[in-house]
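Keep the sequence and the model side by side as you read. The text below goes from one place in the fold to the next.

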Amino acid sequence: MTKPRLTYFGDIGGRGEPIRFVLKLANVDFEDDLFGAKSEEYASRKAKGDFNSNPTKLKGTGGGLPVYVEDGTLYYESNAILRMLGMKHGFYSTDPATAWEIDVCMEKVEQVWKHAGFTPMTLYLVARTTAKVDSLADSDGEATANLVAMYTELAEWGEAQLKKHGKPFLAGTDSPTIADFRYIVQFSDSIFNEGSAIDAKMRDKIKAMMDDKTPDFKKWVEDTMLPLLKDVRTPGILW
Ligand SMILES: N[C@@H](CCC(=O)N[C@@H](CS)C(=O)NCC(=O)O)C(=O)O
């Protein structure tokens, strides 16, 4: 039987890494189909329509990553994939109110990103590496301001969740769910990652903001989630 296959960028955690956490923690034998975001392989496979599940190619019917293939079916939309796999492997809930709590956390990440393919992390890094391209330059500090605003909003929102529930995990559960996996990646890959493409000065700035404003959330990152994920994090991720 063909193994399930998850296709995503190898250098970015983003929307793919939370799905890997589920698969790895559930000991699923899957093919981790990775390539660089700027690789030839990505460009040619995308041009061939490899990631598009819908022959009409209508906008909103796939084409972006990640995609997940199991038993010949290609699944797209990261949160929908997480729900399907979370349900299958015990990281979602059959209780409607808890499912809502979990969904709200996952939606928060997409809301903050405005559902865009290019996140504030991407734009911050692009502004730094291609500063000579005028339209992307961060001369007025817009990309930096957006990055700090994104982290502040996510951390404050996470802090409020933890305070509201008084439980170890974000959606008010006693065990980790896809809500935690979806949320942590923005912190575990970019801020709490020595090898991150985000510079150390910025990482320290965000950590200081968390010390100051969101201490419970910082504890959730450092004491709850990082130890839980230490054996399943993908090496080499840059943000
Ligand atoms: N709503 C989709 C968004 C997919 C998406 O935009 N993915 C980005 C990477 S995180 C991507 O593939 N961008 C490049 C492209 O669409 O060519 C999801 O959550 O899966």
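K114 is exposed, because it has 9 other C-beta atoms within 10 Å. The scale for this places C-beta atoms from the backbone and counts the others within 10 Å: 20 or more is buried, 12 or fewer is exposed, and in between is partly exposed. This is a predicted model, in which local features need pLDDT of at least 70 and side-chain atom pairs count only at pLDDT 80 or more, while totals for chains, interfaces and linings use all residues. Residues are numbered from 1 along each chain as its sequence is written.

K114 sits in the loop between α4 (96-112) and α5 (120-129). Helices (H or I, at least four residues) and strands (E, at least two) are DSSP runs, numbered from the N terminus. The phi of K114 is near 55°, positive although the residue is not glycine. N27 also has a phi near 55°, again in a residue other than glycine. Find N27 in the loop between α1 and β2 (31-35). N27 counts as exposed because it has 8 C-beta neighbours inside 10 Å.

Another backbone feature is at P66. The peptide bond from L65 to P66 is cis, with omega near 10°. P66 belongs to the loop between α2 (40-48) and β3 (67-70).

Now turn to the helices. The axes of α7 (residues 178-188) and α9 (residues 215-229) come within 11 Å and cross at roughly 100°. Axes are lines fitted to C-alpha atoms, for helices over the stretch in contact, and angles run from 0 to 180 degrees between N-to-C directions. α7 is therefore roughly perpendicular to α9. Under 35 degrees counts as roughly parallel, over 145 as roughly antiparallel, 65 to 115 as roughly perpendicular, and the rest as oblique. D180, I184, F187 and S188 of α7 meet V221, M225, L226 and L229 of α9. Contact requires C-beta atoms, placed from the backbone, within 7 Å.

α7 also packs with α1 (residues 17-25), at an angle of about 135° and with the axes 8 Å apart. These two helices are therefore oblique to each other. From α1, E17, P18, F21 and V22 meet I178, F181, R182 and V185 in α7.

Finally, look at V232, in the segment after α9. V232 touches F21, K24 and L25, leaving out residues up to four places away in sequence. The C-alpha atoms of V232 and K24 are separated by 6.2 Å, yet the two residues are 208 residues apart along the chain. V232 counts as partly exposed because it has 14 C-beta neighbours inside 10 Å.

Methods
Two residues are in contact if their C-beta atoms, placed from the backbone, lie within 7 Å.
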